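Biologist: Can we go through this model together? I would like to start with the charged side chains.

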Amino acid sequence: MARIDDPFRRGQLATAALFCALGFQYATWVSRIPALKSDLGLTPAEVGVLLMAAGVGASVSFPVVTHLMGRLGSRQLALLSTLGLAAVLPALALAPNYPVALLVLCVDGVLVGCLNTAMNAQGAALEERHGRATMAKLHATFSAGSLLAALLASALHVVTSSVTAHFAVGAALLVLLSAGARGGLMADHGRQPAAAVRERKTRAARRLPSRLTLWMCGAMAFGTVTEASMNDWSALYLEDVAGASEQIAPMGIAVVSGMMLIARLFADSWRSRWGDGRVVLVGSVLAAAGLAFALLTGGVVTALLGFACVGLGIAAVTPCVYVAAARQEANVLPLVAATGTTGLLAGPPLIGFVAGASSLVWGFALVGVSALIVAVCSTRIRWEPAASDADPAGEAPDGPQGFDARDEDRLPVGGDRSGDEQHAAADASAPVRTTAAAAKSAPAAGDAEDPR
């Protein structure tokens, strides 16, 4: 394979392979839930618990991810997690009974939490290094990976209905994606010894999350609630509430997913022009307004138009929040990622509970409220200014400045150290550099915590 000389493009493609792998792995096993249900003789309730097992694993992965990020670094953790997810597929296919399948999917959830954090750390560091927005496009490749998995499942079903054969092919493709990503990922400057990691974890355990961190967790949680609920319930809404036919009802998922994919392909240019904060604020308000329009007017066409607004508006929320979290202390990103996974998995059941107690219309109204909560949270987050708002007087821009050629393929983030520690390293001219954004966001000694 010809080597790509542009370091930004090389890193972008490598990180995109990780996002694609995560979307591909998830959609691969989810697409065979009916076959797994039949093979293991499960009831619908047991299938629900099986799905929740992956969610539980992802939700409780925060301490594991924090430790492994400090010991291994984002590059090594991302590669190992991808290989672990590849091994999960044949393990699930060969699970002899229900308890083993639950255990396998719980492990899958932990690995998803590891890869999710590591790949977003790589994406945020890539933006910081080169001063170019790319996170939204990276998240678009997650959707592309899910689409690839769906197409593969349909194609293989023509040849064989064997879950084992299907998952073996999927595992092989994940190994190839991991191998392809290996050469382009940015290496961490250095991993901390076990004693340093334990000391950092002890200090972090004594501190409650800052208000800024809680606002980011809120934006991430309710953003993923909105995203997941629209994907899971839109088809049923169209059929049961809007009166769509069985042929038209699946268009709800297609419209939401399609608009999210398109928006993420263009969202990086919006971020560069208007800034992450404006993109999240306007997008979440658009999502809430579009859903309100669909619920108040009724009908299939207006519902699809409203769903398109939701997909367009909510698409850039998670990429922007991940970037903001990656600029904080090292334990913030794993916490925000775990919160997002919780919202992704808890949102659809919550909507189902509300729909069962009242109606699906009220369930979707709750989705609209979730989008508005994202808008409120976005006003309390400290965002980086847009590129168009940079100081025209010649102030050195954030990103590639401050690094020499030897640092070209290394993460600009100083390992797992806190903001204060990064300042100390910078002042001492230590070999581990910090990003300009981290330096600006780290408080000086004795400063009060940011009131936001």
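**Salt bridges and a loop arginine**

Modeller: This is a predicted model, where local features need pLDDT of at least 70, side-chain atom pairs count only at pLDDT 80 or more, and totals for chains, interfaces and linings use all residues. Residues are numbered from 1 along each chain as its sequence is written, and side-chain values use heavy atoms, with hydrogens and water left out.

Biologist: How many salt bridges does the structure hold?

Modeller: Six, a salt bridge being a side-chain nitrogen of Lys or Arg within 4 Å of a carboxyl oxygen of Asp or Glu.

Biologist: What about Asp268 and Lys137, how far apart are N and O?

Modeller: 3.6 Å. Asp268 sits in helix H10 (residues 251-274) and Lys137 in helix H6 (residues 135-159), so the bridge ties together parts 131 residues apart in sequence. Helices are DSSP runs of H or I, at least four residues, numbered from the N terminus.

Biologist: Is Asp268 buried or exposed?

Modeller: Buried, at 2% relative accessible area; buried means under 20%, exposed over 50%, partly exposed in between, with a 1.4 Å probe and protein chains only. Lys137 is partly exposed at 33%.

Biologist: And which residues join Asp268 and Arg271 in one network?

Modeller: Asp268 and Arg271 form a salt bridge at 2.9 Å, N to O. Through shared partners, Glu127, Lys137 and Asp276 belong to one network with them.

Biologist: New topic: where is Arg32?

Modeller: Arg32 is in the loop between helix H1 (7-30) and helix H2 (33-40). Arg32 is buried without a salt bridge, and the nearest side chain of opposite charge, Asp39, is 6.6 Å away.

Biologist: What does the Arg32 side chain reach?

Modeller: The backbone oxygen of Ser161, at 2.9 Å.

Key: Helices (H or I, at least four residues) and strands (E, at least two) are DSSP runs, numbered from the N terminus. Lys and Arg count as positive and Asp and Glu as negative; His and the chain ends are not counted. A polar contact is a pair of N or O atoms within 3.5 Å; within protein, one must be able to donate a hydrogen and the other to accept it, and residues adjacent in sequence count only if both atoms are side-chain atoms.
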